[in-house]
Amino acid sequence: MATAKNPPTSRKQAGSAAKKVPLKKTTAPAAPARPIIRKAAKPAAKPAAPKAEKPAKAKKPKLVRDSFTIPKAEYLVLDQLKQRAGTLTRPVKKSELLRAGIKALAAMPDAAFLTALANVPAIKTGRPAA
């Protein structure tokens with residue numbers, strides 16, 4: 001045995017000097033056995049019928065919000081055109097009128113387009129003074 005004067009020289013001697021405690025093997029409790037569930041076999045594959053293809057959805061155009069200055073006289077013309085469309089059983093919004101005007105301008109030949117532009121005076125941009 002090891003004494004205070006003679007230190008232990010091996011692990012056996014060091015372990016024997018300490019109090020021996022019997023080691024218990026600890027095992028986790030066994031999980032209860034789960035029953036094996038098997039999926040039912042799929043029926044034989046049917047010949048694939050050609051699916052009717054859905055037409056591709058057209059993407060909505062991206063909208064742009066803008067503001068502009070317009071003389072009051074021309075703004076009143078927009079109101080008159082809205083009323084005119086309403087009496088023709090086709091109510092419209094101001095934006096629809098403006099877009100229709102843009103399409104009409106785009107369809108004009110160059111000479112008519114320049115004439116239409118000449119009939120519109122240039123105005124100072126920005127917000128009007130209150």
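In what order do the elements of the protein chain run from the N terminus on?

1. Going from the N terminus, the order is α-α-α-α. This is a predicted model, and its protein chain has four helices and zero strands.

2. Now for α2. This helix has 16 residues, and the distance from its first C-alpha to its last is 23 Å, close to the 22 Å expected at 1.5 Å a residue. After α2 comes T89, and its phi is positive, near 60°. Have a look at that spot in the model.

3. Then there is the largest pocket, which holds about 1,400 Å³ of space. Its lining counts 28 residues, and the ones nearest the centre are F68, K94, L98, R99 and I102. By class, 19 lining residues are nonpolar, four are polar and five are charged.

4. Which helix gives the largest share of the lining of the largest pocket? That would be α3, with 10 residues. At least two lining residues come from each of α2 (72-87), α3 (94-107) and α4 (110-118).

5. One thing to keep in mind when viewing the helices: with 3.6 residues a turn in an α-helix, residues three or four places apart point the same way.

Methods. Residues are numbered from 1 along each chain as its sequence is written. This is a predicted model: local features need pLDDT of at least 70, side-chain atom pairs count only at pLDDT 80 or more; totals for chains, interfaces and linings use all residues. Side-chain values use heavy atoms; hydrogens and water are left out. On a 1 Å grid over the protein atoms alone, a cavity is a set of points where a 1.4 Å probe fits but cannot get out, and a pocket is an open set with protein on both sides within 12 Å along at least five of seven lines; lining residues have an atom within 4 Å of a point. Grid points are joined across faces, edges and corners, and a volume is the space filled by probe spheres set on the points. Ala, Val, Leu, Ile, Met, Phe, Trp, Tyr, Cys and Pro count as nonpolar, Asp, Glu, Lys and Arg as charged, and the others, Gly among them, as polar. The expected span of a helix is 1.5 Å times one less than its number of residues.
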